Amino acid sequence: MNISEFSLLVFAASLLAGLLGAMTGLGGGVVIIPLLVLAFKVNIHYAIGASLISVIATSSGSAAAYLRKGLTNIRIGMFLEIATTIGAIFGSFLATRTSTKVIASTLGVVLLCSAATSVRKRKQIFANCPEMGIARLLRFDGFYPVDGVMQPYWVCRVPLGFALMVVAGTLSGLLGIGSGAMKVLAMDEAMRIPLKVSTTTSNFMIGVTAAASAGIYWSRGYIEPMIAMPVTLGALVGSMLGAAVLVRSKTHVVRATFAAVIALLGCEMIYSGMTGKI
Amino acid sequence: MATNYQLTSNETSMEAKIALLLRFSVFSAATAILCGGGHFLLHHSHNMPDYRSFSNTHSYPYSPRMLLLQVWRKDDLAILQCGLLLLITTPVLRVLYSIKIFTEQNDYLYVGISIIVLLMLLYSLLWHLRP
């Protein structure tokens with residue numbers, strides 16, 4: 001295999017990952033690393049670096065689309081970005097001190113968790129705490145459209161949400177993923193933010209979180225340009241197509257299939273990590 | 001209630017501007033990545049570098065000053081890397097823009113919060129300048 005064939009194949013694989021990632025809302029980053037490591041035998045550090053860049057690209061690309069709909073709560077996003085960037089910087093320092101065995105196995109566990117959360121049905125729990133101190137101070141309450149009518153919403157348990165975001169940022173910095181699933185979980189379950197708002201706000205935050213580790217990755221030589229190129233362009237094109245296809249397709253079949261693939265890749269990463277094949 | 005709705009419409013126009021900015025920089029970055037990388041492939045299509053082993057010594061320029069010097073010499077990889085660097089700085093642009101908007105709205109609490117986020121990003125991006 002020469003570098004042209006390598007680039008073309010990686011581009012195609014990343015496109016597919018980006019497409020499925022956007023259609024299912026799971027993001028392409030989580031599958032790109034195992035693909036590069038297991039199928040293309042790329043060193044895990046380079047795979048993590050390339051994935052991180054693709055995460056920034058797809059997040060900025062899709063955040064643009066979501067922002068136009070006016071669903072993103074920029075205040076909540078900006079405040080929680082303090083937590084995710086602290087985590088991301090910590091995570092990227094951790095990445096250089098952690099053995100590839102541990103990184104691979106941790107990624108495997110994260111893949112299994114993402115697969116599990118994607119099958120779980122998200123249910124709307126309405127916040128019933130309009131007088132909460134911190135959320136009130138930070139003016140987190142907002143409006144979002146329900147059947148064309150603007151509905152108010154409130155936000156609960158900000159400290160818990162903040163702590164979970166530090167963890168999400170650390171995983172993002174350690175593994176080069178967007179950790180969107182964890183961010184959504186923190187906003188849904190802990191802070192009781194409406195689903196539409198938490199999904200788009202999470203997307204908005206992923207880019208800034210990833211950029212906080214990207215600088216450190218860059219200086220450490222994790223970002224190999226000729227690997228980052230096909231991964232980033234593929235994921236970008238794939239996620240744009242995915243957003244377009246999303247409107248008219250049965251996502252639950254795609255979702256279940258993709259979750260199964262993610263779970264399999266997760267097991268493979270844990271196995272390869274434990275046996276030291278990576 | 002009237003003031004709340006006005007705030008929402010203000011925020012919507014702010015979001016639309018940020019969205020445009022993000023689109024523009026992602027598009028420019030992708031163009032640079034494609035041009036630099038594509039041109040490199042045309043001339044080096046038969047090599048296959050070893051990506052299995054990781055070396056943390058740099059085979060490419062990575063400081064912005066060295067990069068710009070290489071771009072001036074029409075180095076393909078430097079153009080590709082400029083695109084990657086532009087992508088990394090897209091979120092920084094977004095945070096800078098938020099600071100500007102929050103300042104215009106006299107929302108100093110959020111100006112402060114945005115500045116903290118900006119400092120975190122700059123810490124990471126300028127980390128290679130450490131003594």
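Buried means under 20% relative accessible area, exposed over 50%, and partly exposed in between, with a 1.4 Å probe and protein chains only. This is a predicted model, in which local features need pLDDT of at least 70, side-chain atom pairs count only at pLDDT 80 or more, and totals for chains, interfaces and linings use all residues. Residues are numbered from 1 along each chain as its sequence is written, chains are lettered from A and ligands numbered from 1 in the order in which they are written, and side-chain values use heavy atoms, with hydrogens and water left out.

Start with B:N106. Select the loop between α3 (76-104) and α4 (108-125) of chain B, where B:N106 sits; helices (H or I, at least four residues) and strands (E, at least two) are DSSP runs, numbered from the N terminus. B:N106 counts as exposed because its relative accessibility is 52%. Its phi is positive, near 55°, and B:N106 is not a glycine.

Chain B has four helices and zero strands, and 40% of its 131 residues are buried.

Move to chain A and select A:S179, in the loop between α7 (158-175) and α8 (180-190). A:S179 is also not a glycine, and its phi is positive at about 45°. With a relative accessible area of 10%, A:S179 is buried.

Finish at A:V110, in helix α5 (residues 100-119) of chain A. A:V110 counts as buried because its relative accessibility is 14%. Leaving aside residues up to four places away in sequence, A:V110 touches A:L171, A:L175 and A:I177, where contact means heavy atoms within 4.5 Å.
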